[in-house]
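The following exercises are to be worked with the sequence and the coordinates at hand. Each task is followed by a solution in steps.

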Amino acid sequence: MKILVLLFLCLFKMSFGEILPIPPLLEEKDGVFNLKVIEGEYEFFDGTEESTLGYNGNILGQTIRVKKGDMVEIHVNNSLKEDTTVHWHGLRVIGIMDGGPHQVIKPGTTWKVRFPIEQEAATLWYHPHLLHKTGIQVYKGLAGLFIIDDERSDSLNLPKNYGVDDIPLIIQDKRFDSQMKLEYLTRNEDIINGMLGNVGIINGVVDPTFKPQLGVTRFRILNGANARTFNLAFSDNRSFYQIATDGGFLEKPIRRKSLLLAPGERAEILVDFKSLNEKVELRDGDYSLLTLIPKDEESKVEKVPKMLNQKVKLPDTSKMKKRYFVMQGSGRTVNINGKQMDMDRIDEYVKLNEPEIWVVTNASHHMGRDMMMGGGMSSMMGNIPHPFHIHNTQFRILNRNGRPPYKWERGYKDTVLVDPGETVELLVEFRHAGLFMYHCHILEHEDMGMMGQFNVSK
Ligand SMILES: [Cu+2]
């Protein structure tokens, strides 16, 4: 597969080695963030124009950056010929502002939301969530970052210069045919695995190059792929520090050599490039996603901070209500608790501000994590890890099959990868009322019905 891809790349002489584009920060106008959903034209490879979708551009979206305590107003204008929605993934907001499948934005109309930012500093994102159409709309380009700052993130000695030493990486994969035209759901296995690509894309570009300063660089990594879980590592096996999970900073940096990131998940990492003499690659398996070349410039940050966030104190969970979710089925039969998504059915009724435990099981049987870009792609039929995402909350992972969660997943999470045969217990709490979704973040699974609705009220 790899050789095949390389052959394609050579034949087509791609935009290879292009400098990593940084999604620009979206500027407020009269106190409003304006997003226009547009149909674009975009060349992933020279001379192969694709029809894409973007927010205020041909592909992806500008980065929305806000501060805890802000009242934020966003207007989303849909200039497409089809419906869309915009979901603020990871954000705690009331149901009608959540941007799920009920908040349809009709062609030619503008959806206006206004909400306070009440949660801590984190790297969130936004993307469409239209019933049965999330997969294709994200695949065609709709995804953007939503960054929250707070006093803590401002005061920590971390790289903070956006686009210089604080680098967003939206990692995706797309599949191109022999003519390098974009494909979507053209194979039977796509229904089972979700849409896996044969080319890695970062910030909309194939195999880009980035020149980090010589010192500590921060990467805010989003897995914005439809279905692929990336196992990220550097080609020289250098270690790095994970500093944040989906919903905020970890208590302290965790030293790691690889980072498994499922669709929908984010992580922030610090990498020290002081010792970078020649190029190093950020890879998934042996597939190179991003090439890093040293820049002749010192960075301002030389050290990794010792502490990042308050100590996590979990409440006594022994008497909390437990709610059970079993992800099962495969292909067109994927479901949760035997039910497929129904817009007219509310599956769970949850009390506002009352912490409870969600017990989430992946009822597939065998281990099947051979998903790397550089690895085989055929061996995951059926027994697929499912990334479970819950709207309107940042939760804590209490345990995996009864064992404590990994050190690096003890921060706030909104998406958790559940392996076949695994059960995870999540401490959830909802601070905003309304109707929300929980679902698998393999977008084709979501589109096929692996989703349910819960109502939060007093
Ligand atoms: Cu799934």
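A salt bridge is counted when a side-chain nitrogen of Lys or Arg lies within 4 Å of a carboxyl oxygen of Asp or Glu. The model to which this criterion is applied is a predicted one.

**Exercise 1.** Determine how the side chains of Asp83 and Lys106 meet, and state which parts of the chain the pair links.

Solution. 
- Step 1. The N to O distance for Asp83 and Lys106 is 3.0 Å. The cut-off is 4 Å, so the contact qualifies as a salt bridge.
- Step 2. Distant parts of the chain are linked by this pair, the two residues being 23 residues apart. Asp83 belongs to the loop between strand S4 (71-78) and strand S5 (87-89), and Lys106 to the loop between S5 and strand S6 (110-116).
- Step 3. Asp83 has a relative accessibility of 21% and is therefore classed as partly exposed. Lys106, with a relative accessible area of 45%, is likewise partly exposed.

**Exercise 2.** Classify Arg323 and Glu356 as buried or exposed, and describe the contact between their side chains.

Solution. 
- Step 1. A salt bridge joins the two side chains, with an N to O distance of 2.5 Å.
- Step 2. Arg323 lies in strand S22 (residues 322-328) and Glu356 in strand S25 (residues 356-362); the pair, 33 residues apart, links distant parts of the chain.
- Step 3. Arg323 and Glu356 are both buried.
- Step 4. Asp272 is partly exposed at 32% relative accessibility, and Lys274 is partly exposed at 44%.

**Exercise 3.** Identify the protein donors of the copper ion and give their spacing in sequence.

Solution. 
- Step 1. The donor atoms are ND1 of His386, SG of Cys440 and ND1 of His445, lying 2.0 Å from the copper ion.
- Step 2. The sequence spacing of these donor residues is H-x53-C-x4-H.
- Step 3. His386, in strand S26 (residues 386-390), and His445, in helix H5 (residues 443-448), are 59 residues apart and link distant parts of the chain.
- Step 4. Both histidines, His386 and His445, are buried.

**Exercise 4.** Which residues gather in the patch of negative charge on the surface, and which strand contributes the largest share?

Solution. 
- Step 1. The patch consists of Glu18, Glu39, Glu41, Glu43, Asp46, Glu49 and Glu82.
- Step 2. Strand S1 (residues 33-43) supplies the largest share, three residues.
- Step 3. Glu18 is located in the loop between helix H1 (2-12) and S1. Its relative accessible area is 34%, so Glu18 is partly exposed, and a patch residue must have over 30%.

**Exercise 5.** State what distance separates the C-alpha atoms of Val72 and Pro404, and what distance separates those of Gly329 and His102.

Solution. 
- Step 1. Val72 is part of strand S4 and, at 1% relative accessibility, counts as buried. Its C-alpha atom is 37 Å from that of Pro404, a residue 332 residues apart from Val72 along the chain.
- Step 2. Gly329 sits in the loop between S22 and strand S23 (335-336) and is partly exposed, with a relative accessible area of 33%. The C-alpha atoms of Gly329 and His102 are separated by 25 Å, with the two residues 227 residues apart along the chain.

Key: Residues are numbered from 1 along each chain as its sequence is written. This is a predicted model: local features need pLDDT of at least 70, side-chain atom pairs count only at pLDDT 80 or more; totals for chains, interfaces and linings use all residues. Side-chain values use heavy atoms; hydrogens and water are left out. Patches are made of residues with over 30% relative accessible area and no salt bridge: like charges are joined within 9 Å, nonpolar side chains (Val, Leu, Ile, Met, Phe, Trp, Tyr) within 5 Å. Accessible areas come from the Shrake-Rupley method with a 1.4 Å probe; for residues, only the protein chains shown count as cover. Lys and Arg count as positive and Asp and Glu as negative; His and the chain ends are not counted. The place of a charge is taken as NZ of Lys, CZ of Arg, CG of Asp or CD of Glu. Helices (H or I, at least four residues) and strands (E, at least two) are DSSP runs, numbered from the N terminus. Buried means under 20% relative accessible area, exposed over 50%, partly exposed in between (1.4 Å probe, protein chains only). Donors are N, O and S atoms within 2.8 Å of the metal (3.2 Å for Na, K and Ca); water is not among the atoms, so sites may look incomplete.
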